[in-house]
Amino acid sequence: MRTIPYLGPMFVVIASLACTNGKAGSGRVGDAAVVSGDVGTGGGAGTGGSPGVGGSAGATGAGSGGSAGAGGNAGAGGGAGGSVKADANAGTGGGAGADVSMGTGGGGGADASRSTGGSTGRDAGLGSGGNTHADASLGTGGSVRTDASAGTGGIMGTGGSAAADVGTGTGGSVGGDAGGSLDAATPPTFSVDFITADQSRFYSRADNGGSVTFGAANSSAADNAVAELVFKGNASLGPGDKLTPDYATEIGTNQSFSYGTYRTRVQLAQCSSSEELVNGVFTYFNDGKDHDGDGLIDNSEIDIEILCSDPSIISLTIWTEYTSDTAKQGVSRVIHTMTGAYEDSLNDTTSLGSGTLPDFKLAGFPDPNAFYEMGFEWHATSLRYFIVFGGKEVTLWTYTDAKYIPSLPAAFLFNVWHSTDWWSSQGTADYPASDAVMRVDWFRYWKE
């Protein structure tokens, strides 16, 4: 049994990959890989500036006239070199938000949009010293918050400027959210609020005897509807029963997505400290083929995993190859939100460094009654993870080695499954005696 605090791969390819009872990831084993075409509706968003020392903001906004898929068309975005931009948008119930990003000089532009579930604004990247980015959105029971962009190095507080916090409870939001942070100048390419009608856009399974329900009533959701993923508890089962993602309760998109921004709002499944379940939020594609000819099976996977026995630990993993537990390629970061400590690793075993950052200390995370917005920005040469805590978007990891960043389109999934051991300490974890429920309020994707 492994005791290092790093993640393993989520999925194992059908009939060709071995499954172990050790630390796995959030994917399934033995099911057909999710293979579907990339989202082809409309044009993608314009290029965004990337962090750089002294760099000026890049172009922001959508390409001229580019279609943004479901949610409407996008007009020309702001100009390069920094801008002052106002975005007014309304979620269900109305309200307005403001997105102000300061570059070096530059002109100003205004954009207004209205959609159920809210729209999103995205500002350009920044150079050394960072900028201040104020976001406000108001929907049904919505919230107002101020976010800070990351500075040099992509870590909040390292080169970036400080940001004001307006939050609820211990960082999460208990009331309704307008349905997506201000993240892109265009409506999302793919948007789902998990009402009953959205079930046709996902596959679902519950191989532990649990269930999946779309449109379950929940007053903390913007539209009073969530997807509920129930993992069936059973007091008669032990640590070695119904292990791995083989027995997950899971939903995944029928479409595949590529580079862009992914955001979702979830409430984590809970269990006792003597039990173990993995909450998985991730992308996945593995068809059993070696597309790049390097001798390993390609595995396009970007993971956020949080264990219910100690949900203060956030595990992030980026996979590009996986043939077996000894033939794989992936990098991981494990963050201890109680202390702010983190560890980075290669292939679960080789340390890539560790440290402590004050921004990683998320006091009280997670509130069991709260929903949390989280996600990542996936680009060809960089990948940035984030979580919204106390009204502030905290960058959890900015990774920039293109060798370890996946390039193949993948589906987006949520799942809950039983692990027999704790990833961060020694010992054997019991099977949950009671039902555990992950709830998903919404998911948004903006194509790059």
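Two strands count as paired if DSSP finds at least two bridges between them. Helices (H or I, at least four residues) and strands (E, at least two) are DSSP runs, numbered from the N terminus. With that in hand, let's look around this predicted model, where local features need pLDDT of at least 70, side-chain atom pairs count only at pLDDT 80 or more, and totals for chains, interfaces and linings use all residues. Residues are numbered from 1 along each chain as its sequence is written, and side-chain values use heavy atoms, leaving out hydrogens and water.

**A hairpin**

Strands E16 and E17 run antiparallel and are joined by six bridges. Ala341 stands opposite Thr356 in E17. Three residues separate the two strands of this hairpin, and Asn347 in the turn has a positive phi of about 55°.

| Strand | Residues |
|---|---|
| E11 | 260-267 |
| E16 | 341-346 |
| E17 | 350-356 |
| E22 | 436-447 |

**Gly260**

Glu377 is 117 residues from Gly260 in sequence, yet their C-alpha atoms are 5.8 Å apart.

**The cores**

A nonpolar core is a set of buried Ala, Val, Leu, Ile, Met, Phe, Trp, Tyr and Cys residues joined through side-chain atoms within 4.5 Å. The largest has 57 residues, and Phe194 and Ile251 are among those touching the most other members. Strand E22 gives the most to this core, with five residues. Apart from it lies another core of five residues, including Tyr203 and Leu413.

Note on methods:
Buried < 20%, exposed > 50% of the residue type's maximum accessible area, 1.4 Å probe, protein only.
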